[in-house]
Amino acid sequence: MRFLANYYVILSGERIMKNLLNYATILLFILGFQRSGLFAQTKLESLEQQLEQNLSSEDRIRVLNELAENLKRNYPKSAFRYGKQAYELSQIKKVQEGTASSLVIMGDSKWNQGYYKEAYTFYEEGKTAFEELGDSLGIASTRHGFAIVDWRFGNFPKALEQEFKALMIRERNGDSLLMADSYYWLGIFHTDLTHFEEALDYLRRSLRIAKSYEDKQRTANSLNFIGRAWRKQEEYGRALEAHNESLGYYRELGDSLGVSDYFNNVGSIYRREKNYDEALKYFFRALEIQEKLNDQEGIADGYNDIGTTYMQKGSFDESITYLKKALDISQRTGLKDDVRYAYASLSAVYDSVGDYQNAYFYQRKLMEVKDSILDQKKNQAIAELVKDHEEETRAQKLKLLELNSSRNQLLGFLLLTALLLSLVFLIWMISRSRLQSKLNKELSRKNRIIEIEKHRSEELLLNILPKETADELMMHGKAKARSHDEVSVLFSDFVGFTKLSEELTPHELVTELHHCFEAFDRIIEKYGVEKIKTIGDAYMCVSGLPANSTQHAVNMVKAGLEMQEFLTNYKKKRLEQKIPFFEARIGIHSGPVVAGIVGIRKFSYDVWGDTVNMAARMEDHGAVGKVNISQATYEIVQNDFLCKHRGQIDVKHKGKMDMYFVEWVI
């Protein structure tokens, strides 16, 4: 059976070998999936058998369209073929209702394959056919199709407008399930616009209706996007809860597209949690299903997700390969949002590897796409405004001519004058109201863009400054320097860096530095240590600020030991591969500092004081693979670590000083 071919896709997402409970879960799923697959197969076989019977033209058209409707989600190619047969027979037999329905189904089939321009054409023809029939619900279905295509092309205002029009028709007709569909898509649109409160409200409305009708497909879809809305708010626990519930329904339905969405969503959560290897497993499982379904938009999304994950993982060559695949499909199918995403990611990955020429090229392409989208929306809004104004003016003039012809010349003249004045005033009021409405919408849109950009700026600021300092800077435009009586400062420096730089290409050297410093960043984050800066191959960080901590010295020494442990393990791997490696000296000193930001452009957070100089001296007089600490630091941590006294060592400008190598944690 065709549905059973999806088993291995689902099973590959389960960690079968983890424990016995997973075996039981998989077994129960297979049984449920078989039952649902057999039910769906029986229904499809029943419809196919009806086609072999001697049916009237109207019944044959109905069965063909019903077959297409049941296949369009998971088998869109087959759905399009049946829809086309229904359309051709409807044209021959002049069955206008069959023509209209088959056009929408063919549009849905093309949409499910990611061919949005073709889908839009079918929806336009379907709308004309339904208007001739006077079928309001049919018109609503085409407006719903327009909304989804506009959304895929990044035209969110138009998508919202079309979906609201569809919803109003469905509400007037009292069709609850179709209302649920509109609520569902309005929830999706608001999620993409980061209006999460509105998004969750619409999605929950859709879910309530779906559950009241025991409609498992709509229930699963609503839960799926509720999970996405929570994920975008970084509520990963709630997101996984919703996604896991949706997976149960998708399995029961035998819905491979839904399962693909589940894999993609879980992969996105793992990526946000920086578990890149696990994220890639789920993204590749989702991609495998999308390729079988030939879903162009889904494939483009998959390539973008995989490419971005490889970039964040530091696998830049693989990242570029998949992002270029995503860009190729997105450009061919006209998916502007996916094109924009690919450009942004390619610019970032080329910037990461130091290829600034390509980074600039894709950044410029990104700005062109953004400008194109903005110009398109602006021109469309102006065209609609002019069209509305002309139609209203034309209608008023016709009424005026009819009135004038039924009156005598004098009365007509006076009345014409009064009407003209009223008309001018009315047109002015309507135009002013419409313009104000358009301006308000545009202002609201720009405010949303500003909020998004502000959020991005804040994220960038938090990436270079401690949160307390960043908050103060954003609130007051400046941040005061502050004294800290007790902190610990760490310096690390790679030994033989100059010689190593001669053995490696610039790209290889930067890649190695990035790998090591990325590991250092993760280690100090674990111990609540604040990174200050890197200067070439030197790395500096401070423990005990901006928030005071009694454990500043202990945390810093633990971080230093873990840094040396990382470099030792990394050295073993590099030696096995017979390639150069980094080794480092690390020095730590404890005492008072002054911390703050300097300058007004490209400012950075820094610390000053003799404590900083002493920490640098500890590093200078340290040894490869060791953590060298001062007497001041030793007095704080002596009960937590086994330390080896090195005696008194002569330090430039400081005289003889006691130093200690930290051996291990007690």
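This is a predicted model: local features need pLDDT of at least 70, side-chain atom pairs count only at pLDDT 80 or more; totals for chains, interfaces and linings use all residues.

Student: What does Ser 141 touch?

Tutor: Leaving out residues up to four places away in sequence, Ser 141 touches Val 104, Phe 130 and Arg 170.

Student: How do you know whether Lys 110 is buried or exposed?

Tutor: Use the cut-off of 20% again. Lys 110 has a relative accessible area of 14%, so it is buried. This lysine lies in helix 5. Its contacts are Phe 80, Tyr 115, Glu 118, Ala 119 and Phe 122, not counting residues up to four places away in sequence.

Student: What makes helix 11 and helix 12 roughly parallel or roughly antiparallel?

Tutor: Look at the angle. Helix 11 (residues 216-232) and helix 12 (residues 236-253) pack at about 160°, with axes 8 Å apart. Angles over 145 degrees count as roughly antiparallel. The two helices are therefore roughly antiparallel to each other. Helix 11 passes helix 12 in a left-handed crossing.

Student: Which residues make that contact between helix 11 and helix 12?

Tutor: Helix 11 brings, among them, Leu 223, Ile 226 and Trp 230. Helix 12 brings residues including Ala 239, Tyr 249 and Leu 253. The residues of this contact divide into 10 nonpolar, 7 polar and 6 charged.

Student: What about helix 3 and helix 5: why are they called roughly parallel or roughly antiparallel?

Tutor: The axes of helix 3 (residues 57-71) and helix 5 (residues 96-112) come within 10 Å and cross at roughly 15°. An angle under 35 degrees counts as roughly parallel, so that is what helix 3 is to helix 5. Helix 3 passes helix 5 in a left-handed crossing.

Student: Which residues of helix 3 and helix 5 meet?

Tutor: Ile 61, Asn 65, Ala 68 and Glu 69 in helix 3 meet Gly 98, Ser 101, Ser 102 and Ile 105 in helix 5. The contact divides into 3 nonpolar, 4 polar and 1 charged.

Student: What makes a set of residues a nonpolar core?

Tutor: Its members are buried nonpolar residues joined through side-chain atoms within 4.5 Å. The largest nonpolar core here has 71 residues. Trp 111, Trp 185 and Phe 189 touch the most other members. Apart from this core lies another, of 39 residues, among them Leu 490, Phe 494, Tyr 634 and Val 662.

Student: Which residues does Trp 111 touch?

Tutor: Among them are Tyr 116, Tyr 123, Ile 148 and Trp 185, with residues up to four places away in sequence not counted.

Student: Which residues of helix 24 are buried, and what do they pack against?

Tutor: Helix 24 covers residues 610-620. Its buried residues are Thr 611, Val 612, Met 614, Ala 615, Ala 616, Met 618 and Glu 619. They pack against strands 1, 3, 4, 5, 6 and 8.

Technical notes. Residues are numbered from 1 along each chain as its sequence is written. Side-chain values use heavy atoms; hydrogens and water are left out. Buried means under 20% relative accessible area, exposed over 50%, partly exposed in between (1.4 Å probe, protein chains only). Helices (H or I, at least four residues) and strands (E, at least two) are DSSP runs, numbered from the N terminus. Contact means heavy atoms within 4.5 Å. Axes are lines fitted to C-alpha atoms, for helices over the stretch in contact, and angles run from 0 to 180 degrees between N-to-C directions. Angles under 35 degrees count as roughly parallel, over 145 as roughly antiparallel, 65 to 115 as roughly perpendicular and the rest as oblique. A crossing is left-handed if the near helix is turned anticlockwise from the far one by less than a right angle, and right-handed if clockwise. Ala, Val, Leu, Ile, Met, Phe, Trp, Tyr, Cys and Pro count as nonpolar, Asp, Glu, Lys and Arg as charged, and the others, Gly among them, as polar.
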